[in-house]
Amino acid sequence: MIESRKTSETDIKLDLNVRGTGNYRFDTEIPFFDHMLSHISKHGLIDMDLHLRGDIGIDCHHSVEDTAILMGQMIHKQLGDKKGIFRYGHFTIPMDEVLTTVAVDLGGRFFFKYTGPPIDGKFGIYDAELSLEFMQKLALNAKMNLHIVVHYGENRHHIHESIFKGLGKALRQAIAIDPGASGQIPSTKGMLE
């Protein structure tokens, strides 16, 4: 599925397949963002081909935020009525001295919570706090609960990697087809938004 988002601040074209094999190609002009997205793709088995141009002369905020908006909308659309999916996923990932847990619910309601050390500083042109902005906008537009807990850790790069890898693993579990569900909607309500 290929979709675009074009504003006065960004021009994005994204080819996304939530039931892929973990192939990715990025052309964003934001190397650290490419690196983080590669973890979602590889560990989530989500194919991504992203072309992004934004007003990075100002900063990377609009580029990262708008990518999350588009990606979240596409995830929600591709899951359709969500028949047969596990719906929930969680993963605890060790990354050297860092331990992080990421949990998701694809039940159709938005909530985002981060608990852990402050996310600040820079990675090249990428402001570290943009990772939380990305996660929040992704969860909002995918209509999911997303909880991230960094239990402990010191290295800023490892903290970021553990969050994005954990998200990929948790999404992979939640999106997967439950062989015991026989195409059922995973809710006692009989529907998910």
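Modeller: Tyr126 is buried, with a relative accessible area of 0%; buried means under 20% relative accessible area, exposed over 50% and partly exposed in between, with a 1.4 Å probe and protein chains only. The ring of Tyr126 pairs with that of Phe33: the centres are 6.2 Å apart and the planes stand at 25°, so the pair is stacked. Rings of Phe, Tyr and Trp (its six-membered ring) are paired if their centres lie within 6.5 Å, and planes under 30 degrees apart are called stacked, over 60 edge-to-face and the rest tilted. Helices (H or I, at least four residues) and strands (E, at least two) are DSSP runs numbered from the N terminus. Phe33 is likewise buried, at 0% relative accessible area.

The model is predicted, so local features need pLDDT of at least 70 and side-chain atom pairs count only at pLDDT 80 or more, whereas totals for chains, interfaces and linings use all residues. Residues are numbered from 1 along each chain as its sequence is written, and side-chain values use heavy atoms, leaving out hydrogens and water.

By the pairing rule there are six aromatic pairs. Among them is the tilted pair of Phe32 and Tyr126, at 5.0 Å centre to centre with 50° between the planes. Phe32 in helix H1 (residues 31-44) and Tyr126 in strand S9 (residues 126-127) are 94 residues apart, so that this pair, too, links distant parts of the chain. Phe32 is buried, with a relative accessible area of 9%. One aromatic cluster comprises Phe32, Phe33, Phe123, Tyr126, Phe134 and Phe164. Over the ring of Phe123 sits the charged end of Arg156, 4.2 Å from the ring centre; the criterion is NZ of Lys or CZ of Arg within 6 Å of the centre and within 35 degrees of the ring normal.

Phe134, a member of this cluster, is one of the buried residues of helix H3. Helix H3 (residues 130-142) is mostly covered, ten of its 13 residues being buried. The cover of those buried residues includes H1, helix H2 (61-79), strand S7 (111-115), S9, strand S10 (145-152) and helix H4 (156-175), where contact means heavy atoms within 4.5 Å. After H3 comes Lys143, with a positive phi near 55°.
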